[in-house]
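Hi,

Here is the structure I promised to pass on.

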Amino acid sequence: MRRRVAIVGAGMTYFRSMQPLTPQELIFEAVRKCMDDCGLTLRDVEAVVAGSAPDAFDGYHHKGLLSSEAVDCLGRAFSRIYVGGGTGVGVAVAGWWHIASGVYDRVLLVAWEKMSHPYPHAQPLFRTIFDPVLEQPLGPNLIWIFALEMRRYMEMHRIGKELIAEVAVKNKGNALDHPYAQLGAKITVEDVLKSPVLVWPVNRLDISPTSDGAVALMLASGEEARKITDTPVWLDGVGACLDSQFWTNRDLGYPYYVYLAAQQAYRMAGITNPLKQIDVFEPYDPFTYKELHHLDALLGKPGLAPKLLAEGQLERDGDHPTSPSGGLLGVGNPIAAAGLMKVAELYWQLSGRAGRRQVPNAYVGVAQAWGDLMQVGQVVVCRV
Amino acid sequence: MSIESFYEYPAGIALSIFLQGLREGKLIASRCGKCNTSHIPPRSYCAKCLNPINDFHEITGLGFVETFTCSHISLDGSQAQPVTWVYVRFEGVEGGLLHRLDPSVAPEKALKVRPVYHGERIGSILDIKWFTKAE
Ligand SMILES: [Zn+2]
């Protein structure tokens, strides 16, 4: 029989570019803060689920091992989850499997990224996500695929760049209240539109920054959670799905694979009307339009997110607060860590620990990440 | 530290036929014998039916622009001459091709396009110079 799973602690490092710390040191810091938060020691951990993006960023293979000492792996089960940009939330989904299955009671999740290792930039490494025979010879950079999708999305719902730029304004503004954020700022729509065009219609300020950082969460079975804390945040729904490797087979205007992952999580958590029943949304926002694109799928209504944005409903004090953390655009995008940061934000928001970012009346939240070449959907639903 | 390694990828059954087609100045699609779905680039199996595919056929080459972008940066992220890239689909065929657009043509949604081939061809996606407006 499936068991209930709770988040009982969280910790994270600063998200910064070019941190003069090793991956192990970043992981150690996040794990130590997480253990302090829940009052456990590593001796209490039965299994570790770790997540980090491609080995190519570190130039070091089987880099899951980098976390093995900082999480004191001796005598514990360890697995590394990798689903591209979806990894961070994928780690939480896999952690849920560990406990819901009845195999473990206390599972540590850790996700990290050091994107500043490759010199001069991580950008060329992303070329290897494209098909080697038909696409790599064209010399694609990562942003192409987003640009093709963004234009299709703008066309599908007849929305302009002015509206989409509001996502950057909102998220960077929200990040001003996040103590670990890299790019919190007060900016205007005009700042976004006037920033350099990189791959039209994507401008520089439409993109989240590359970053270094780590996040750790502690999961426990229901019975254990009540012993550890008075304020568990329940991980009541998880969903994960992939679409075909071939992005050319999809309508880029709607991420159906995210919709299906959300529906799995909602079914498990008893959510039938996400717009009414969910108080906090943390959709994956590596690019401005992606927040809207993903929120459409989380709501199951193509084109609804831009309308809510235009009405100001996605603000922290609006009816449907979205990325109150500041998201990847504001807090930063150390890939796997950024996804798990979104789950940590639900933990902080729903347990009333979000400080100046606190959303009033937050009881149910959804976090989502997406990745690979436009085909990974990873979703978790939390409640108190 | 740098990793020095070259990679060789086999094109496999279906893409070898596709690349041979490009060498001859043709676009080749696959067709599943069970569900009759055509696909470009061609596939050696049908993911819907889990059926092996042996039917490869030439398509007209007349396609339309599904979406497009204009890149102002190079592979390493540095500034570069703008290049327009189009994602081209073909009527009645699933999938599509990513390629350059003829710089003398303005991109627009649903623009009808056709491939322009280089004179000398070696069996590569780069045997197509770019797609241009089809009259
Ligand atoms: Zn078939």
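Leaving aside neighbours within four places in sequence, P334(A) is in contact with F15(A), E113(A), M115(A), S211(A), D212(A) and G213(A), where contact means heavy atoms within 4.5 Å. P334(A) sits in the loop between α11 (327-331) and α12 (335-350) of chain A. Why does P334(A) count as buried? Because its relative accessibility is 0%; the scale is buried under 20% relative accessible area, exposed over 50% and partly exposed in between, with a 1.4 Å probe and protein chains only.

Before going on, the ground rules. This is a predicted model, so local features need pLDDT of at least 70 and side-chain atom pairs count only at pLDDT 80 or more, while totals for chains, interfaces and linings use all residues. Residues are numbered from 1 along each chain as its sequence is written, chains are lettered from A and ligands numbered from 1 in the order in which they are written, and side-chain values use heavy atoms, with hydrogens and water left out.

Staying in chain A, seven of the eight residues of strand β11 (residues 376-383) are buried. Helices (H or I, at least four residues) and strands (E, at least two) are DSSP runs numbered from the N terminus, and two strands pair if DSSP finds at least two bridges between them. β11(A) pairs antiparallel with strand β8 (residues 233-242) of chain A over eight bridges, with C241(A) opposite G377(A). Strand β10 (residues 364-371) of chain A is also antiparallel to β11(A), over eight bridges, and here G371(A) faces V376(A). β10(A) and β11(A) make a hairpin with four residues between the strands, in which D372(A) has a positive phi near 55°.

On to chain B, which has one helix and eleven strands. Of its 135 residues, 45% are buried, and its C-alpha atoms fill a box of roughly 50 × 50 × 30 Å along the principal axes.

Four of the strands in chain B form an open sheet of mixed pairing, in the order β5-β1-β2-β8. Its edge strands are β5 (55-59) and β8 (94-95) of chain B, each pairing on one side only. Helix α1 (residues 12-23) of chain B packs on this sheet and touches β1, β2 and β5 of chain B, its direction making about 150° with that of β1(B); axes are lines fitted to C-alpha atoms, for helices over the stretch in contact, and angles run from 0 to 180 degrees between N-to-C directions.

Elsewhere in chain B, β6 (residues 63-73) and β7 (residues 79-89) are antiparallel over eight bridges. They form a hairpin with five residues between them, and G77(B) in the turn has a positive phi of about 90°.

Last, which residues lie nearest the centre of the second largest pocket? They are N249(A), H39(B), R43(B), A47(B) and E94(B), out of 16 lining residues. The pocket's volume is about 360 Å³. On a 1 Å grid over the protein atoms alone, a pocket is an open set of points where a 1.4 Å probe fits, with protein on both sides within 12 Å along at least five of seven lines, and lining residues have an atom within 4 Å of a point. Grid points are joined across faces, edges and corners, and the volume is the space filled by probe spheres set on them.

Cheers
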